[in-house]
Each structure stands twice: as C-alpha cells, then as structure tokens.
Amino acid sequence: MAWLPGFVAACVSISISLIVWWIRLPKNLPSGPWTWPLLGSLPNVGISLYRSGLQPHQFMAQLTKHYGKVYSFYLGNQLLVILNSAESVREAFKNQCLADRPKVHIPDRLKGEHGTGEGVVMASGESWSQQRRFTLSTFRSFGVGKRSFQDQISVEVQALCEEISTLEGESFDPRKLLTNAVTNIICTVIIGKRFEYSDKSFHDLLQLYDRQQKAAGSGLADSLIPILRFLKISSKSDEERYQNNQQLGKFYNDILSDHRKAFDPTDLKDYIDVYLDEINKTEDSSSSINPNNLMATIHQLFSAGAGTTITTLRWSLLYMMAYPEIQRRIQREIDDVVGRNRLPDYSDKEHLPYTEATLMEIARIASIAPFGIPHVAAQNTTLFGYNIPEKTIIMSNIWAIHNDPDTWKDPDMFRPERFLDGDRLVKQPDAYLPFSAGRRVCLGENLARMELFLFFSHFLHRFTYKKPQDSPELSFDGVAGAANSPRFYETEAILRE
Ligand code: HEM
C-alpha cells in the first residue's frame with residue numbers, strides 16, 4: 001500500500017487542475033460539442049467528421065442541428081466560433097473587433113522572399129486598412145471592375161474562345177485554358193502585361209500557382225491551429241511548399257526589378273508602379289506601404305483573384321453539361337438580346353436575367369469559398385449576447401448558409417429560377433453571400449462579377465458544351481481544400497452556327 005499516498009496526491013492534483021481549467025474556461029460562449037482538457041473537442045469532432053465521410057463544411061453544417069446556427073468549440077486551446085447563418089455573418093463582420101485576421105504560423109524555412117509581409121489579405125488593424133484603401137483606390141484609378149475595364153477582359157475571353165475553337169469538338173479539360181485567360185487579367189492589372197499562352201515563363205508561373213493552391217488547402221488549418229501543427233494532422237510536404245515559395249519569390253523579384261529599372265513617376269502603368277511610387281513618396285519609415293507588403297500583396301492578388309474565378313467557371317461548364325435544357329435556355333436568351341452578329345457586352349447583363357440567375361445559382365450551390373477567410377477577435381466582444389473572447393477564430397460557413405433548407409427550398413437542386421421573380425432578377429437575397437460581407441468583404445467583387453458574366457456569356461454565345469461520350473459520370477462532389485473545386489472532368493465545345 002506504499003503507493004497509496006502518491007496515488008491520492010496525483011488524484012488530488014489532477015482534480016485541482018481540472019477544476020482550475022474548468023473555472024478558467026470562458027463562460028457564456030455559443031454552445032458546442034463537449035470540450036476535453038488540452039485537446040478541446042478535437043477527439044469527438046475529429047472522429048465524427050472522419051466517420052461522417054463528409055467534407056468539413058458539410059459536417060459543420062450538420063452540427064447546427066445540435067448546437068444552432070452559431071456554435072463554438074476548441075481545437076486544443078484554440079477557440080473557434082462557426083457562423084452558419086447570413087444574419088450572424090453580417091452582424092459579426094460589421095463589428096470592428098472581429099475584422100482582424102488570425103496570425104498565420106509560417107515555419108521560417110517556408111518564408112519565401114514574399115513571406116514576411118502580410119499584404120492585404122492577412123493583415124490586421126491599421127496596416128490592413130492602409131493596404132485595402134490603397135489597393136481599392138489603385139484598382140479604381142485603373143477602372144478595374146468598371147465598364148471601361150471590360151475591353152481588357154474581352155481580349156482574354158476572345159483569345160480563350162479562339163483556343164477552344166481550334167480543338168474542333170475534341171474533349172478537353174477546361175482548367176488549363178481558363179487559368180491562362182483569368183491569370184492574364186490579373187497580370188494586366190498588377191504587372192501591366194499579358195502573356196501569350198505559348199510563353200514558357202507564363203506556363204511556369206501557372207504551374208507554380210496550381211501547386212501552391214493545392215498545398216494551401218492542406219496548410220491552412222495547421223498554420224492557424226497549434227494542436228493540428230503539433231499533431232501534423234493536415235500538413236502536406238513542407239519541402240514542396242518551400243520549393244514553390246522560392247520559385248514564386250524569384251518570379252516576383254524579377255518582375256519588381258524590371259519595374260524598378262523602367263520606373264517613370266510620370267507614367268504609372270500598373271499596380272506595381274503605383275505601389276513603388278507610393279513607397280518613394282512615403283516618409284514615414286513605419287508605414288505599411290513597404291516592399292515586403294508589396295511582395296505579399298502581389299502574391300495574394302494573384303492567388304485570391306485568379307483561383308476563385310477559375311473555379312467558378314469550371315463549375316459553370318460542368319453544370320451546363322449536366323443541364324442541357326438550362327444551357328439552351330441561356331443560349332436562347334443571349335441570342336434574343338445580343339443576336340448572332342455581335343458579342344455579349346457588359347451592358348447586356350441587365351437584359352439577361354436568366355443568364356445572371358444561373359451564375360448566381362452556380363455560386364450558391366458550389367460555394368467555392370466554403371469557409372471564406374478566417375477572422376479573429378482583436379479584443380473581447382459580444383455577438384448576439386454571447387461572449388467572444390480575444391483571439392477567438394471566427395469562421396463563416398458560407399456553404400452552410402447557401403445550402404440551408406430553412407432558407408432555400410430544395411437546396412441541393414440546381415434551379416436558377418430561384419433567383420427570378422417571373423422574368424425579372426430577384427434583388428440579391430439576404431442569404432446569398434459568395435463574397436462574404438462586412439468590412440472585409442471580397443475586395444475583387446466587382447471585377448469577379450464582370451469576369452464571370454463576360455466569360456460565361458461569351459462561352460455560351462459561341463459554343464454548346466457536351467459531356468464527351470464514354471467519359472466518367474459527372475460528379476458534383478467538390479475536392480476539399482481552401483476552395484471547393486470540381487473534380488477533374490473533360491468537356492466538348494461544339495461551335496454554334
Ligand atoms: C468568384 C470569385 C470570388 C469569390 C467567390 C471571392 C470570395 C471571397 C471571400 C469569401 C473573401 C473573404 C471575405 C472575408 O474575409 O470575410 C474574399 C476576400 C478577398 N478577395 Fe475575393 N473572391 C473572388 C474573386 C476575387 C478577385 C477577382 C479578387 C482580386 C483581384 C479578390 C480579392 C480578394 C481579396 C484581396 C480579399 C481579402 C480582403 C480583405 O482581407 O480585406 N477576390 N473573397
């Protein structure tokens with residue numbers, strides 16, 4: 001029995017630690033799954049997620065049945081609040097205390113030459129407002145997202161349609177061609193030039209982005225949540241990310257040094273020129289307008305601006321193949337309004353409600369940014385009467401909002417009419433949030449809407465899309481990652497008369 005006193009002492013100290021842990025847990029949080037000491041809800045949530053076979057955004061949507069539309073849980077010692085209703089996203093994201101981004105842990109080795117700044121997407125506080133204001137005003141000065149910008153987009157759309165027409169009805173994976181075209185639009189804004197599709201350096205850049213996009217999905221969770229990093233649950237090869245970062249860093253450095261050599265303050269041609277000019281004019285050495293943030297922002301605008309649009313367009317062709325009747329109805333509408341003797345124009349948009357409703361339905365059903373981008377509480381605050389402690393990560397489950405049967409009748413049916421009232425487009429429904437809401441609402445929303453409309457309307461004006469014979473069944477299951485992307489598929493584009 002010599003062990004008894006030691007055993008009792010251990011039990012007492014464990015009990016005291018548990019009581020202290022429990023007392024210290026913040027109170028009046030949104031309800032959520034059971035929390036274990038140290039691990040939080042990782043074991044129960046992790047096991048249920050694994051067993052469900054669902055994607056994380058679908059699984060998190062299911063949890064609303066038990067805990068309501070706003071719930072919370074810990075992963076290790078990191079508290080997360082998940083917002084599954086449009087009302088909660090709008091309410092939370094207009095709160096200045098919930099507009100920051102969490103600090104992302106990047107292993108030193110992975111900090112490529114563009115890795116030290118937070119740019120616009122990952123910045124918080126004053127640095128973020130400065131970067132966002134600067135980026136928005138520079139975009140405005142180049143007319144990005146305004147009608148005058150449509151010519152630049154049309155150049156790319158037409159180049160892409162030419163490429164597709166050379167395939168003469170052969171089956172093809174649209175991803176590569178879309179990537180060429182959409183990335184070229186961002187290139188025009190940021191570096192002031194477009195690349196020919198055959199250009200080797202352009203091709204290398206696209207490959208780097210492709211790899212980076214795939215690695216980003218797996219890296220995001222563990223760069224935010226210490227316990228996932230520790231357990232190495234979701235991490236992909238650091239080496240691959242390192243190599244990628246090095247190469248992207250070199251690409252940006254080359255572009256920047258070309259811009260510095262050719263810099264002329266009286267002729268600012270693109271975003272980089274305007275940024276360099278602002279750096280030169282800034283006397284405040286602590287300003288966030290600095291070379292590190294320039295590097296990070298270029299990188300982020302390429303990633304945020306191209307991947308999202310390409311993915312939406314890939315879903316759009318997939319749905320057109322699957323719903324030939326809807327495809328025909330869009331083509332009839334475009335033919336009636338635009339005719340066969342000219343190409344669709346942005347000013348046609350308001351006369352093409354069915355086309356626009358279809359694009360909205362694609363953005364709803366696919367929800368390509370299922371969790372948006374995480375926010376963090378900069379200080380203690382409240383949301384609907386609940387306490388939200390400082391450093392809580394806030395995630396919007398946009399997929400759950402877009403697929404909520406309480407809001408959308410038969411949410412898993414693809415039905416563009418849900419956005420129409422008779423022949424007229426319904427005013428944007430409250431529960432439609434593909435670009436999120438509030439202070440950090442997507443900065444490229446206008447550009448994205450214009451790109452999506454022009455690409456989609458040109459595609460259907462010129463071609464009809466068919467599932468190639470003997471190709472696998474079309475699948476609408478997304479591939480999990482930072483973006484909800486369709487699985488690999490091929491299509492056939494038949495030239496219309
Ligand atoms: C279909 C296309 C797109 C979708 C669905 C989309 C969606 C989103 C979403 C959900 C967010 C997160 C907002 C939040 O934190 O609450 C976001 C942020 C952002 N998007 Fe987009 N986006 C698209 C296209 C673009 C384009 C074309 C650009 C730029 C050229 C862009 C640039 C950004 C930037 C810079 C942010 C971060 C804003 C900030 O942190 O203040 N996006 N986007």
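**A pocket and a sheet**

Guide: The second largest pocket has a volume of about 690 Å³, where volume means the space filled by probe spheres set on grid points joined across faces, edges and corners. This is a predicted model, with local features needing pLDDT of at least 70, side-chain atom pairs counting only at pLDDT 80 or more, and totals for chains, interfaces and linings using all residues. Residues are numbered from 1 along each chain as its sequence is written, and side-chain values use heavy atoms, leaving out hydrogens and water.

Visitor: What makes a residue part of the lining of a pocket?
Guide: A pocket is an open set of points on a 1 Å grid over the protein atoms alone, where a 1.4 Å probe fits, with protein on both sides within 12 Å along at least five of seven lines; a lining residue has an atom within 4 Å of a point. Here 29 residues line the second largest pocket, and Gln58, Trp399, Asn403, Pro411 and Asp412 lie nearest its centre.

Visitor: Which helix gives the most to that lining?
Guide: That's α3, with six residues. Helices are DSSP runs of H or I, at least four residues, and strands are runs of E, at least two, numbered from the N terminus; α3 spans 56–67.

Visitor: What makes β10 and β13 a pair?
Guide: Pairing takes at least two DSSP bridges between two strands. β10 and β13 have four, in the antiparallel sense, so they count as paired.

Visitor: Why do β3 and β10 stand at the edges?
Guide: The open sheet has the order β3-β13-β10. β3 and β10 each have a single partner strand, so one side of each is left without a neighbour in the sheet.
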